[in-house]
Amino acid sequence: MRQINTGVSRQWQHEQGISPSEGAMTSFDVRFIKTVCDDTGHEHRACQAAFKVDAISLSAAAQLAEADFCRQKGVRDWTIFADSMELRTPPALPSAWGG
């Protein structure tokens with residue numbers, strides 16, 4: 001995965017009137033998925049893009065991901081290239097001290 005939107009995140013926060021000190025930023029893993037059929041009619045999920053988004057909430061992450069994907073593909077509507085978007089927080093790292 002690659003991170004592509006640190007500037008967009010700050011710009012979106014500024015436009016929403018959110019200061020960087022309000023709430024911690026969370027990293028979200030984002031994937032845009034397209035369901036395609038093979039020549040035998042079986043459906044497969046094809047990842048169209050995967051990257052990280054830093055945002056203050058899940059909804060903010062979704063908005064940032066949509067904007068990034070559209071800018072990357074040069075379109076206004078991400079559903080031209082994908083059927084769904086998956087957002088996940090990365091799994092927590094295990095404690096180095098076991099507790």
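Predicted model: local features only at pLDDT ≥ 70, side-chain atom pairs only at ≥ 80, totals over all residues.
Strand 2, which covers residues 26-37, runs antiparallel to strand 3 (residues 43-55), and 12 bridges join the two. Within this pairing, phenylalanine 28 has valine 53 of strand 3 as its bridge partner. The two strands form a hairpin with 5 residues between them, and in the turn glycine 41 has a positive phi of about 90°.

Strand 2 is also joined to strand 4 (84-88), again in an antiparallel arrangement, here by 5 bridges. In this second pairing, arginine 31 stands opposite glutamate 86 of strand 4.

## Salt bridges

The structure holds 6 salt bridges. One of them is formed by the side chains of lysine 34 and aspartate 83, with an N to O distance of 3.6 Å; the pair links distant parts of the chain, since lysine 34 belongs to strand 2 and aspartate 83 to the loop between helix 2 and strand 4, 49 residues apart. Both ends are partly exposed, lysine 34 with a relative accessible area of 24% and aspartate 83 with 42%.

Aspartate 68 is buried, with a relative accessible area of 0%, whereas arginine 71, at 48% relative accessibility, counts as partly exposed.

In strand 4, glutamate 86 forms a salt bridge with arginine 88, the closest N and O atoms being 3.8 Å apart. Salt bridges that share partners extend this pair into one network made up of Arg31, Arg45, Glu86 and Arg88. Glutamate 86 is buried, with a relative accessible area of 15%, while arginine 88 is exposed, with 53%.

## Aromatic rings and a lysine over a ring

The count of aromatic pairs comes to 4. One of them is the edge-to-face pair of phenylalanine 69 and phenylalanine 81, in which the ring centres are 6.4 Å apart and the planes are at 75° to each other. Phenylalanine 69 lies in helix 2 (residues 58-73) and phenylalanine 81 in the loop between helix 2 and strand 4, so the pair ties together parts that are 12 residues apart in sequence. Phenylalanine 69 is buried, with a relative accessible area of 0%, whereas phenylalanine 81 is partly exposed, with 30%.

Ring pairs also link these two residues with Phe32, Phe51 and Trp78 into a cluster. At phenylalanine 81 there is a further contact, with lysine 73 lying over the face of the ring at 5.3 Å from its centre.

Note on methods:
Residues numbered from 1 in each chain as written. Heavy atoms only, no water. Phe/Tyr/Trp six-rings, centres within 6.5 Å; stacked < 30°, edge-to-face > 60°. Helix = DSSP H or I, 4+ residues; strand = E, 2+ residues; numbered from the N terminus. Buried < 20%, exposed > 50% of the residue type's maximum accessible area, 1.4 Å probe, protein only. Lys NZ or Arg CZ within 6 Å of the ring centre and 35° of its normal. Salt bridge = Lys/Arg side-chain N within 4 Å of Asp/Glu carboxyl O. Pairing = 2+ DSSP bridges.
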